Amino acid sequence: MTSLSRQLARWVTGLRYGDLPPEVIDRAKGVTLHCVSSILLGSQTQPGRNAVELIRQDEAGVHRGATIMVDGGTATRGGAAFANSEMAFAGGKWDTFRMLVHPGTSVIPGAFAATEATGASGEEFVTAIVAGYEVMERLAADFIPTLMARGFHASPVFGIFGAAVAAAKIFRLSEDEVNSAIALCASMACGNIEGARGNGHALREGVAVRNAMFAVALARQGHRGGDTVLEGDAGFYHSYVGNNQGHLTHSFVGETRTNLDKITADLGKTWILLETLYRIYSITGYNIAHIDLTAKLCEEMDILYEDVERIEAVVNWLETQYPSPAFPSRREDKIHKPGSTSYHLAYAVVKRGFPILHAWPGQAAADDPPEVLELMTRVTIIPSHTMTLFGPRITIFTKNGKSHTIQGTGYEFIWDFNEEARRIREITPGLPISPAQFEAIIQSCGDLPRENRADALVKLTLK
């Protein structure tokens, strides 16, 4: 049988812009805008500035490489991709796939670094990030909870594959070279959750994309990675998931078995990229639906804070035990504090929304309404093994004895480019560039397939 990495490499090298359905192209433009927006925001945070300074100090004097976005400095392709990824992460505007994987923070910085080296067109860039997303998400899909339960963090572990595939596509690597790049990623994938559980900071997608650029460089130089590195008896899935037979210890919907053949099934016919949603608020991803659904319910039924007796939310069980039921650092069904699910439900009742530029809340902020801090103590979170991800069922019980319920679908934060542009514009007051410059970025993302050089977007971020 043809190995998984070989099947993926063959599809990646054969993929053309003309093969992409309109909705896939639209999503590629949207995730690009989302990531660039997050980089702009993240450039002003301390973690973002630290990443830029680290690369500046470590790679001073590099003349040929890639651009550190916003800052404008030049670093190696791996160094620039690391800094840009760290800024994207710090900005908080991530895209999300099945709760725990954030492809844009690795795929898009890797694609930009390769684009600057090659002068790739907008069509080439879009095709490459579609390939990166599709491969990364297919590799991750059914295995995310099991991998997390083994102490790894799924987003950087799978992020290296997405970034490498996107960069390899832009560099026009051959099938053998793409196969080797994927195989090399299996040796350099990393991401552990214990550091964050022990008052530290986890190494995330920044390291994954830097390693991805190195894997691509090795493959271009002729390093052979092997053909069975993913599914082999001592391969990636054996190491990270615990077996290469598709046995699962944890899953979002209670499944205990999958099949590795699903990874490459219907490649180019069904597009898992379309499951990618936008985390428009800079909060824990599974809480975003609580805000919009609760606000909508309050608006439709004209419910005010003064009317509410209590709130119940039935949610997917994995959303209550982050990052994994095997190693929970917090239990959303047991806490009532700023940043929790209860807090965001209460905030949506009181304010009928949530500020898009709100910082990551870990403690009561000066501008937190006291009504929010009081109401969150009257919220009950109920874990369920049958509820879909990001699709809670929210019931507000009012003091007049009535109750009002709204059910999420899990698709509320999947939208087209025009809606992404409309919603992301709200960050304009908090950006380090002028409103006109941000509008030019939005326009460039919207016209991305028609751009002669996709790296024009990089230049538009410079202050």
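Predicted model: local features only at pLDDT ≥ 70, side-chain atom pairs only at ≥ 80, totals over all residues.
Residues are numbered from 1 along each chain as its sequence is written, and side-chain values use heavy atoms, leaving out hydrogens and water.

Let's start with the whole protein. There are 18 helices and 10 strands; these are DSSP runs numbered from the N terminus, helices being H or I with at least four residues and strands E with at least two. The radius of gyration is 22 Å, close to the 23 Å from the globule rule for 463 residues, so the protein is as compact as a globular protein of that length. For that, we use C-alpha atoms, and the rule is 2.2 Å times the number of residues to the power 0.38. Of the 463 residues, 60% count as buried, meaning under 20% relative accessible area with a 1.4 Å probe, protein chains only.

Now, my pick for today: strand 9, residues 393-398. Here 5 of the 6 residues are buried. Strands pair if DSSP finds at least two bridges between them. Strand 9 runs antiparallel to strand 5 (residues 308-316), with 6 bridges, and antiparallel to strand 10 (residues 403-407), with 5 bridges. Finally, strands 9 and 10 form a hairpin with 4 residues between them, and Gly 401 in the turn has a positive phi of about 90°.

Notes: Buried < 20%, exposed > 50% of the residue type's maximum accessible area, 1.4 Å probe, protein only.
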